[in-house]
Amino acid sequence: MTGNLGERSDGARNGGDVVVETLTALGVSHVFGIPGQNALGLFDAIRRSDLTFVSSRVENNSAFGADGYARATGEVGVLFLSTGPGALTALGALQEAYATGVPLLVITSQVPRSGLGLRRGMLHQLDDQQRSAVNVTKSTAVASHSAQVPSLLADAWSLAQSAPAGPTWVEIPQDVLLEPTDTPPVTSVVTAVADRAPREELVDAAAELLSAARRPVILAGGGVRRSRRGSEALVALAERLDAPVVSTVGGKGAIRFDHPLSAGSWIEDRHTTALLEDADVLLAVGTAMGEVTSNYFTFAPKGRLIHVDAESRVLEANHPALAIHADAGLALAAIATRVVSRDAGDGAGIAAGLRHAVEDRLAGQDVKTELALMRDLRAAIPAAAQTFWDMTIAAYWAWSAWDPQDGEFHSGQGAGGLGFAFPAAVAAAIGTGQRTFAVSGDGGAMYSIAELATARQHDADVTWLIVDDGGYGIL
């Protein structure tokens, strides 16, 4: 649905109009969600605007859609939710965005102000809706009157994009949305997206360790992909160090697979684990080094570890390290200016050797069907296509085997919930105007099958592959 139906017949503006005016001033073009009684002020207002509203059929899929849109376009995904059941249904998908660092602005309605903090039996009323969102958002706020809305939304918008990125949550009571307002029309907003630069002494220490290393290795995580110019800075540093680069699942594509220094993303392979362990200096950037990346916590580094991440809580959570709390791209670029170039290394040979070792291991196993599926899909899908993968066995193979080529790889492995791929791919197709590709298992597909209606409604150019393995496995 696209708005631009003009002003209200009575010429008045209300809190819903203030929300939509603020989003327009922020540069928003698409909004995802589902209408609900307490939120009708939002949806009436969007009809009077030039914003495009994309309605899914389940709130969790609306959140996955906003997530996929943000990943594909590089913009903030904006989500409208109604009170109570609507807001709660979206939390599982918001956990994925929170874990993966995807910038979302969630605007949800609330019961009227007269019911906040009380149990008056109002429709959809929760004791504390904000508290429900705390585990899956960077911040929560409630607007008490329409004059607060522009600043609250601008602050949430800024925080959603500030490293580490993630969802932010703003609640607006029903009566604030519906009541006439004397707040002047919003034509400008003040935003402040914070970069997180590394501390100078930590950059010096990291550069000193890497310059002296004989066997440096870089582990590139999703934080590299999400950072502005992160991939460019990664490649520049790897080339100066002549260091092989292993990509995590989230970092897949941070360095092209056809780059000589790329050691691929076979992160669950024992040969990859051994390469990471045997580095005398391992630079892990933009990764928590969590369960999958550590090959299920079997990874045990023998040398020095430099750990860079914009989320301070992941630093040294699993291993002692020189911890650098910083945006991945800024840290990589800073370190690259101070390391001594290595001319005597064999980074390309080490990377190629790892890939060959993995191929040899696979050749000795009965996995021809799985490898053929990956090979055939890669041959059939355009090189620049953005692909979206649910939590399913085919996707687990793709975590390691899929080469993004000129496109991007998106997976629901941040939190590991089902149903991500199809609604995310639909929203990405709508947002970019380009064909996307989604992969689900037959179990996970049922979580999002209602979004076939959304895809048809918006003529989304998306291809959905459902792999039917005849029954639940891990589930």
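Reader: Which residues form a nonpolar patch on the surface?

Author: The model is predicted, so local features need pLDDT of at least 70 and side-chain atom pairs pLDDT 80 or more, while totals for chains, interfaces and linings use all residues. Residues are numbered from 1 along each chain as its sequence is written, and side-chain values use heavy atoms, without hydrogens and water. A patch takes residues with over 30% relative accessible area and no salt bridge, nonpolar side chains being joined within 5 Å. Here Met446, Ile449 and Leu452 form the patch, with about 280 Å² of accessible area together.

Reader: Why does Met446 count as exposed?

Author: Exposed means over 50% relative accessible area, and buried under 20% (1.4 Å probe, protein chains only). Met446 counts as exposed because its relative accessibility is 54%. Met446 belongs to helix α18, residues 442–448.

Reader: Which helices each supply at least two residues of its lining?

Author: They are α3 (59–73) and α17 (421–432). The lining residues include Phe32, Gly65, Pro423 and Glu451.

Reader: Is Gly65 buried or exposed?

Author: Gly65, in helix α3, is buried, with a relative accessible area of 3%. The C-alpha atoms of Gly65 and Gly431 are separated by 10.0 Å, although these residues are 366 apart along the chain.

Technical notes: 1 Å grid on protein atoms, 1.4 Å probe; cavity = no way out; pocket = protein on both sides within 12 Å on 5 of 7 lines; lining within 4 Å. Helix = DSSP H or I, 4+ residues; strand = E, 2+ residues; numbered from the N terminus. Patch = residues over 30% accessible without salt bridge, like charges linked within 9 Å, V, L, I, M, F, W, Y side chains within 5 Å. Areas by Shrake-Rupley, 256 points an atom, 1.4 Å probe, with all protein chains shown as cover. Salt bridge = Lys/Arg side-chain N within 4 Å of Asp/Glu carboxyl O.
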